Amino acid sequence: MDPSPFQPIDCDLHPAIPTTRVLLPYLDAYWREHITRRGLEADNLELSSFPANAPLNARADWRPERGPAGADIALLRQHVLDTFHTRYAILNVLNGAQILHSEDLSAALCRGINRWIAAEWLDRDPRLRASITVPIRSPELAAEEVERCAEDKRFVQVLLLSQAEMPLGRRQYWPLYRVAEKLGLPIGIHAGSAQLHPPSATGWFSYYLEDYVQQAQGFAGTLNSMLTEGVFVKFPKLKVVLIESGVTWLPAYLWRINKTWRGVRAETPWQERMPSEVIRENVRLTTQPFDAPDTVSQVKTILEEIGSDQMLLFSTDYPHWHFDGADAVPEGLPPDLIRKILVDNPLETYPRLAQSDIAQSDLA
Amino acid sequence: MSRHIVASVEEIAPGTCKVVTIKGREIGVFNVNNEFFALINRCPHQGAPLCQGAIVSRLVAPSPGDYRLERSGEMLRCPWHCWEFDIRTGQSWCDPGSVHARTYACDVEPGEALAKGPFAAETVPVEVEQKYVVVTV
Amino acid sequence: MNVTLLNPQIDTSYQSHLGFIDCDVHPYFKSPAEFDEFLPQKWREHRASIGGRSRQGLAKASNYPRMSPGVGQRMDAWPPDGSHPGSDLPFMQLQLLDKFNVAYGLLAPLVGGSAAERNIDFGAAMATAVNDWQLARFCDPDPRLKGAVQINIEHQQAAIAEIEARAGDRRFAQVNIPPRSIEPLGRRRYWPILEACAANNFPVSLHLGGTAGHASTGGGVVSFYHDEHPSYVQSMAALVTSLVCEGVFEHLPNLKVVLVEGGFAWLPALCWRLDNTWKALKAEVPFLRQKPSEYVRQNIWVTTQPIEEPERPADMLSTLEWIGIDRVMFSTDYPHWDQDDPRFAFKVPLPEDWKRKIYHDNAMAVYGFE
């Protein structure tokens, strides 16, 4: 289904950084020298989780003649914003700067990325918003970067990858969650791995297909950690958005964590509420990929089993390939749900989206 | 309904349970700090012999890492899937969620944040008469 | 006043009208020395001195301690002599086999440590010993119990030899492969072992648990058993993904794989995700001649425990249909804490022909019982 009549809010797009060179103007002088001294500006910090030329990551008609898909704002306008009459679009950068082992280098590059995105994307189109890119290995430095960027209301979310060095619920991450909750910024957990651990307890797969499919399970593990460690108890106002996570795995997941909780609750006694309730209240998912079943009837059942009309947020996941043409909304969604997914739920999840319009017009 | 002596008071020491069969039903009689309570010996989840479970305390934590032991010896833990039941009332301490069909209202007790589940272990009235523990079945 | 003080009677006469096949039963030992009878002297000494070594920090205890004594046993399953649940055949007969008129019980011995053992010669010796022990202690005294051939998956030669040695012995129903191996089971290095299973008509059972030294989740080492228990689903999904995407079922179309103790409600969405993602990445796996879910439907079965508990009980029916009623087999997981009672596990009435299949006929077909 083509969502353009609704002027949707697109909650996941990926602007590409062709090489680190494009970040040089946005780095502090010290880091500019550090990077050029080491020849790192020529590096393409592509994530293993997202090989840029894989068919899944660059829809054929969205590939430019040269360079990676998603690098050109004019094409992004043409392919997405103008095609879908998009109201707002949230840009999520997927780049290896987030996962570098050296915390300070990672933080410096992430700072550069956030300045770059403000100058070359957000400043050039009032429909665009962005997540704050942060060094995943250092929650403290990540929290600092969030505080720095938060003044610009066009930054609407903190971006993490779902699989890092330690599960995202761990207390070491809490300085970041404290700041995010205080500032009213959702934590966007995007598919992707620092690949410090194999995708599962059974080791490293051979194929990208397998890695990508297993991402859904990675989200299950991440959410479990946030629940069991008590993130939502400690930070009850924190919103978490699972981005590019898949959708249809959710009901079976909810059934299983509820069942486990009834018997194992005593190990983590701060978990007083049924986990599915916490998830429905605090967690959201973007709609692409949907991992659609074969029939519309199955879609209907899955949506009923998800049990909340507030959880889903529209996304195209541009330029990743999950749908053809303008068919960005999965088939089989009930009409009363569609507007919620396309507009209401994103507005409710990201209160800053509309605020920055007001801010912009104040400046004009 | 008739009344049955199940034990003398000394027979069931504090913190223990005696399982008896009355009118074909197994009943666990508990001494909780010298008060007596009785539950039908059947877990509402999958029919486990509930009264063979462990008598435990309520483990709570208002915040992650802040562990508190409350209501020592007042909870019964199903020997199978570890569901926890209040020996006094039979109520299970898991949140019912909103989707199940329910026959009970879910009350929230004053001062406690937990909602009681619909899965209640069936209680049996117990009295102490002179030196005997008496159940009504 | 009435004085009626009755002794509790345990009802052992209940006859399930199903006479079901239990696809997951756990035998235990009364003491580790029980295996010595089946071990060569050299390995007896090794077992007593260095002992088992797997890829975890604790030598003997589980990384993730369970919530019930005995490493997660149901509390009423301790035999009268105080030995470990599952170690006493008469008590197992009382509580399970006779109580429910079980037709066959498929053993999954999670003992001996053969699967995870780093000293692969010791691991292979323990595998053989555990196999002999199953026969002596369980399958011969009670032929309703069928053994699972244990192997150490990293010792390819010994594993194949063990599979071939047990081939044709109808007391063994399947080969038990640890689902948490160093590499996913679909990887080509394991194909010779899978070939031996297929060639000798052994289904492969993947019973979750254990560790190969990797974190339980792709995002790192989780803190609690509360994370670990549901992470088994993630591992099962990874196994299905690997077996399918590596083309194991193209190579071995007759290989049967049984996923044990992983639950099952997660499987339909995994199939949808596999199919949808494969559409964009077909070129990476050109040897797959069907879409991934087709292989799942042809080669993979699931057991029911821990039974899924949908919020709306009727969703169990659609879930089972989406997987395929032919592909689901009932299991108790006796004597573990999260085991299921065959009478009360399903919270929604099943059509009679579904019951027959799930409780009996599917397993008969998969295992070729008469």
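At what angle do the axes of helix α6 of chain A and helix α7 of chain C cross? Roughly 175 degrees, and the axes come within 10 Å. Axes here are lines fitted to C-alpha atoms, for helices over the stretch in contact, and angles run from 0 to 180 degrees between N-to-C directions. So α6(A) and α7(C) are roughly antiparallel, a label for angles over 145 degrees.

Housekeeping. This is a predicted model: local features need pLDDT of at least 70, side-chain atom pairs count only at pLDDT 80 or more, and totals for chains, interfaces and linings use all residues. Residues are numbered from 1 along each chain as its sequence is written, with chains lettered from A and ligands numbered from 1 in the order in which they are written. Helices (H or I, at least four residues) and strands (E, at least two) are DSSP runs, numbered from the N terminus.

Now the wider interface. 59 residues of chain C are in contact with 61 of chain A (C-beta atoms, placed from the backbone, within 7 Å). On the chain C side, α7(C) gives the largest share, 15 residues.

Next, α5 of chain C, residues 156–166. A159(C), E162(C), I163(C) and R166(C) are buried; Q157(C) and E164(C), on the other side, are exposed. Buried takes 20 or more other C-beta atoms within 10 Å of a residue's own, exposed 12 or fewer, with C-beta atoms placed from the backbone.

Conventions. Angles under 35 degrees count as roughly parallel, over 145 as roughly antiparallel, 65 to 115 as roughly perpendicular and the rest as oblique. Two residues are in contact if their C-beta atoms, placed from the backbone, lie within 7 Å.
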